[in-house]
Amino acid sequence: MKAGERVRLRLINAALARIVGLRFEGHKPVVVAHDGQPCDPYQPEDGRVVLGPAMRADVMLDMTGKPGQTYRVIDDFYNDLSYKLADLAYDPGKPAREPSSEPLPKLPANPLPEPDLAAAERHEIALQGGMMGGMGMMSGGGMMRGMGMMGGDGATWAMNGMAMTGDGQPDMPPLFAIQRGKSCVLAVRNETAWWHPMHLHGHSFRVTSRNGKPNPRKEWCDTVLVPPRESADLAFVADHPGDWMFHCHVTDHQETGMMGVIRIT
Ligand SMILES: [Cu+2]
């Protein structure tokens with residue numbers, strides 16, 4: 001890095017299971033996009049950029065450090081397990097320029113259809129399973145038994161009592177079907193004791209609320225991190241026909257049941 005520069009980083013969490021919470025010592029990261037979709041630039045809460053597996057963020061950094069100095073990038077998402085992920089190393093030479101006082105430019109939005117929340121179909125999706133994860137509430141449930149839940153296929157997670165496992169099961173019924181062009185709200189409720197980065201194929205969605213409260217940022221993304229026992233509403237226009245996966249991007253959770261299909265007809 002050179003002092004005075006303004007740098008854009010595209011961060012990708014490519015881990016199988018690890019969530020990261022990145023701190024940039026001595027610097028103030030500004031998030032300008034999630035999952036390739038521009039947002040209103042903002043400084044994340046606590047100065048920490050949190051990304052679950054599969055999540056991406058574009059971050060702008062003003063290089064306000066001193067020439068020749070090194071600053072750590074720390075991942076401290078998990079209590080007592082913080083470690084240094086990388087160093088920001090400054091060139092010892094002259095600053096490239098005075099630090100910019102210009103406000104960050106807002107990136108132009110991608111052309112996505114705006115969901116009509118008043119007319120949207122609302123579909124509840126309960127995330128279930130794991131230790132203390134609400135699977136007990138469904139013992140004897142028909143669909144779950146039909147899908148071999150708790151049987152010999154290694155399913156330990158589920159959505160709405162259904163567990164698609166392994167590389168997917170094309171003969172399994174979809175979580176729901178919706179007509180092409182309709183607005184859709186996925187009301188995701190995490191009944192488990194774990195974090196789940198939930199990823200939808202084929203569409204980006206707005207996170208319109210969390211835990212029943214409107215989300216003022218309403219960011220577009222294709223993966224949303226849902227903390228234990230929390231909920232999130234995801235709104236989008238179902239404008240691409242076909243069967244689309246909706247699944248947790250922690251690979252172990254996905255392969256053992258937290259995977260399903262949304263059918264757009
Ligand atoms: Cu998960």
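Me: How many bridges join strand β9 (residues 121-129) to strand β13 (residues 183-190), and in which sense do the two run?
Reply: Strands here are DSSP runs of E, at least two residues long, numbered from the N terminus; helices are runs of H or I, at least four long. Two strands pair if DSSP finds at least two bridges between them. β9 and β13 share seven bridges and run parallel. Within this pair, L127 stands opposite N190 of β13.

Me: What should I know about the model and its numbering?
Reply: The model is predicted: local features need pLDDT of at least 70, side-chain atom pairs count only at pLDDT 80 or more, and totals for chains, interfaces and linings use all residues. Residues are numbered from 1 along each chain as its sequence is written, and side-chain values use heavy atoms, with hydrogens and water left out.

Me: Which sense does β9 take with strand β10 (residues 157-159)?
Reply: Antiparallel, over three bridges. Q128 has A158 in β10 as its bridge partner.

Me: In what order do the strands of the sheet with β1 and β6 lie?
Reply: The order is β1-β6-β3-β4, an open sheet of four strands with antiparallel pairing. β1 (6-12) and β4 (37-42) are the edges; each has a single partner strand, so one side of each lacks a neighbour in the sheet. From one strand to the next, the twist averages 25°; axes are lines fitted to C-alpha atoms, and angles run from 0 to 180 degrees between N-to-C directions. Inside the sheet, β3 (residues 30-34) pairs with β6 (residues 56-62) over four bridges. There, H34 has A57 in β6 as its bridge partner.

Me: What does the whole chain look like: how many helices and strands?
Reply: The chain has two helices and 22 strands. Its C-alpha atoms fill a box of roughly 70 × 40 × 30 Å along the principal axes.

Me: What share of the residues is buried?
Reply: Buried means under 20% relative accessible area (1.4 Å probe, protein chains only). Of 265 residues, 48% count as buried.

Me: How much of the contact count comes from residues 24 or more positions apart?
Reply: A contact is a pair of heavy atoms within 4.5 Å. Among contacts with a separation of 6 or more, 74% join residues 24 or more positions apart.

Terms used:
Buried < 20%, exposed > 50% of the residue type's maximum accessible area, 1.4 Å probe, protein only.
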